[in-house]
Amino acid sequence: MVQYSTSRLDASFAALSDATRRGVLERLGRSEASISELADRFHMTLTGMKKHVGVLEQAGLVTTEKVGRVRTCRLGLRRLEEEAAWIEAHRRLWDARFDALDQVVDELKLKEKADD
Amino acid sequence: MTSPTTVERTSDRELVATRTVNGPAHLVFEAWTRPELMMRWWAPKSFGITFLSCDIDARTGGSYRMVFGHPASDQPMTFFGRYIEVTPPSRLVWTNEEDADGAVTTVTFEETDGQTRVVVRDLYPSKQALDAAIASGSTGAWPEQFEALDDLLGDLDAG
């Protein structure tokens, strides 16, 4: 099971708590779009849409790229999934290490007791 | 009873692993600083990694060099750096110099009622450095981990 870090999950949930932002994700799931296209689609000002996209970007759900004067938004889910998968792989390594460390420490405890 | 191992990215630059070990801090610290003990747990057998050599001079300013082999890899993997701080039995700080953007690792040992909470913090020089480590799978870049990662990514793709 993939274990996301709590703080990042919080950021994701906060980002998804807003209907407009969920709409933006749904829209970006179909194709990439510029901030102004998204603002038009959701009947918002450019500034308002920039804020929403900023929250989604912070949570790693959206990535943006500025080419010339146009900022293009895309789904960033893949990046978040890769990071979660890497963290889980890293956790497994540490889990195996600590299991082995437990055995070593058990032996040291016995040895110390015997030496007393 | 074993306590769960947690790994969390706590900030743009930091990765933290924790676990409570069933033993007093001075013994846990010993297992982290004596090469013959380190070799028994740092490279877990279940990951198919073998130690080729482990040189540790666990003193402030001392250096370490660990060389590992793996059946899937022709070239041995070498990890090396320096100890910035060695304070028995509570704190170890070392550099990871095999990579120019390597983390600084801080390990703390806190004893309560004969058990020791171990916290391992890897602090990278920048967000880019940690992102890059994650993208390349470089921290503990073992073939099994790549396989595990591939499996997970496969699951995530399917899901």
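## Confidence

Chain B has an average pLDDT of 84, and 84% of its residues score at least 70; pLDDT is the predictor's confidence in each residue, from 0 to 100. This is a predicted model, in which local features need pLDDT of at least 70 and side-chain atom pairs count only at pLDDT 80 or more, while totals for chains, interfaces and linings use all residues. Residues are numbered from 1 along each chain as its sequence is written, and chains are lettered from A and ligands numbered from 1 in the order in which they are written. The model scores are ipTM 0.83 and pTM 0.68.

Over residues 138–159 of chain B, pLDDT stays under 50. The model has 34 contacts beyond four places in sequence for this stretch; two residues are in contact if their C-beta atoms, placed from the backbone, lie within 7 Å. Where pLDDT is low, the predicted coordinates should not be read in detail.

## Chain B

Chain B contains 4 helices and 8 strands, in the sequence pattern β-β-α-α-β-β-β-β-β-β-α-α. Helices (H or I, at least four residues) and strands (E, at least two) are DSSP runs, numbered from the N terminus.

Of its 159 residues, 27% count as buried, that is, with 20 or more other C-beta atoms within 10 Å of their own C-beta atom, placed from the backbone. Among the contacts in chain B with a separation of 6 or more, 36% join residues 24 or more positions apart.

## Helix contact in chain A

In chain A, the axes of α2 (residues 19–30) and α4 (residues 46–58) come within 10 Å and cross at roughly 75 degrees. Axes are lines fitted to C-alpha atoms, for helices over the stretch in contact, and angles run from 0 to 180 degrees between N-to-C directions. α2(A) and α4(A) are therefore roughly perpendicular (65 to 115 degrees).

α2(A) contributes A:Thr20, A:Arg21, A:Val24 and A:Leu25 to the contact, and α4(A) contributes A:His52, A:Val53, A:Val55 and A:Leu56. These residues divide into 5 nonpolar, 2 polar and 1 charged.

## Sheet in chain A

Chain A has an open sheet of 3 strands in the order β1-β3-β2, with antiparallel pairing; two strands pair if DSSP finds at least two bridges between them. β1 (33–34) and β2 (62–67) of chain A are the edge strands, each pairing on one side only. β2(A) and β3(A) (residues 70–75) run antiparallel and are joined by 6 bridges. A:Glu65 has A:Thr72 of β3(A) as its bridge partner.

α2(A) packs on the sheet and touches β1, β2 and β3 of chain A, its direction making about 90 degrees with that of β3(A). α4(A) also packs on the sheet, touching β2 and β3 of chain A, and its direction makes about 120 degrees with that of β2(A).

Technical notes. Parallel < 35°, antiparallel > 145°, perpendicular 65-115°, else oblique. Nonpolar A, V, L, I, M, F, W, Y, C, P; charged D, E, K, R; others polar. Buried ≥ 20, exposed ≤ 12 C-beta atoms within 10 Å, placed from the backbone.
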